[in-house]
Amino acid sequence: VFDPFAGSGTVLTEAMLRGRDFLARDVNPLAILLCKVKQGPFFPEAMREKALDLLARVKNDKKQRVEVDFPGRDKWFTVDAAIELSKIWRAIELEPTIWARRFFWIALAETVRTTSNSRTSTFKLHIRPETERATRRVKPVDTFTNVLHGNLSSLDVLTAELLENKHISR
């Protein structure tokens, strides 16, 4: 199966579930990352252990430094959100295995999207109204944890289905 616009990897997943070979292209680096994560490896228990280690690193990180600087950063993120996102980023950078780091980057990307000051109802970057920003309290670490647990559940389901269909052997 060839998918010239891989997107979130739905066609990849469906091809895998049917035991088909797959090739995809996309210009969006996030789409490529999603496909790399969805193609495996499928080690749900090892990923859960790595997730626990990662969350412990985040919790134990006492640094108040913001790791990323770009024009307009303070427009799109509160200082507290930027600090929490930086803790997550540092914890991911300490993960030695690329397949686990990629999995964590996906959860971080979703966390960045949902904890920014951007309205998530549009595809263009539009800032939330000042009244909403003033009362909105985001917790990137909590958001990341929830996204990560959801992604781990999805990994469990996909792995079980691939094993049931005998498309992976372990």
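This is a predicted model: local features need pLDDT of at least 70, side-chain atom pairs count only at pLDDT 80 or more; totals for chains, interfaces and linings use all residues.
Residue numbers start at 1 along each chain as its sequence is written, and side-chain values use heavy atoms, with hydrogens and water left out. Local features need pLDDT of at least 70 and side-chain atom pairs count only at pLDDT 80 or more, while totals for chains, interfaces and linings use all residues.

**Helix packing**

Two packed helices are described by the angle between their axes and the distance between the axes. Helices (H or I, at least four residues) and strands (E, at least two) are DSSP runs, numbered from the N terminus. Axes are lines fitted to C-alpha atoms, for helices over the stretch in contact, and angles run from 0 to 180 degrees between N-to-C directions.

| Helix pair | Angle | Axis distance |
|---|---|---|
| Helix 3 and helix 5 | about 135 degrees | 9 Å |
| Helix 3 and helix 6 | about 65 degrees | 11 Å |
| Helix 5 and helix 8 | roughly 45 degrees | within 8 Å |

Let's start with helix 3 (residues 44-60) and helix 5 (residues 79-93), which pack at about 135 degrees; that makes helix 3 oblique to helix 5. As for the wording, angles under 35 degrees count as roughly parallel, over 145 as roughly antiparallel, 65 to 115 as roughly perpendicular and the rest as oblique. On the helix 3 side, Leu54, Arg57 and Val58 meet Lys87, Ile88, Ala91 and Ile92 of helix 5, where contact means heavy atoms within 4.5 Å. Sorted by class, this contact has five nonpolar, no polar and two charged residues. Here Ala, Val, Leu, Ile, Met, Phe, Trp, Tyr, Cys and Pro count as nonpolar, Asp, Glu, Lys and Arg as charged, and the others, Gly among them, as polar.

Helix 3 also packs against helix 6, at about 65 degrees, and that makes helix 3 roughly perpendicular to helix 6. This crossing is right-handed too. Leu54 turns up here as well: with Ala46, Met47, Lys50 and Ala51, Leu54 meets Trp99, Ala100, Phe103 and Phe104 in helix 6. The contact comes to eight nonpolar, no polar and one charged.

Helix 5 has helix 8 as another partner, with the axes crossing at roughly 45 degrees, which makes helix 5 oblique to helix 8. Ala81, Glu84, Leu85, Ile88 and Ile92 in helix 5 touch Pro140, Val141 and Phe144 in helix 8.

**Pocket and cavity**

On a 1 Å grid over the protein atoms alone, a cavity is a set of points where a 1.4 Å probe fits but cannot get out, and a pocket is an open set with protein on both sides within 12 Å along at least five of seven lines; lining residues have an atom within 4 Å of a point. Grid points are joined across faces, edges and corners, and a volume is the space filled by probe spheres set on the points.

The largest pocket has a volume of about 720 Å³. It is lined by 26 residues, and the closest to its centre are Ser8, Leu34, Lys38, Ile106 and Asn151. Helix 6 gives the most to this lining, with seven residues.

The largest cavity, at about 30 Å³, is lined by Thr78, Thr115, Asn117, Arg133, Arg136 and Val138.

Gly40 and Pro41 are joined by a cis peptide bond, with omega about 15 degrees. Pro41 sits in the loop between helix 2 and helix 3. Lys166, in the segment after helix 8, has a positive phi near 60 degrees, in a residue other than glycine.

Note on methods: A crossing is left-handed if the near helix is turned anticlockwise from the far one by less than a right angle, and right-handed if clockwise.
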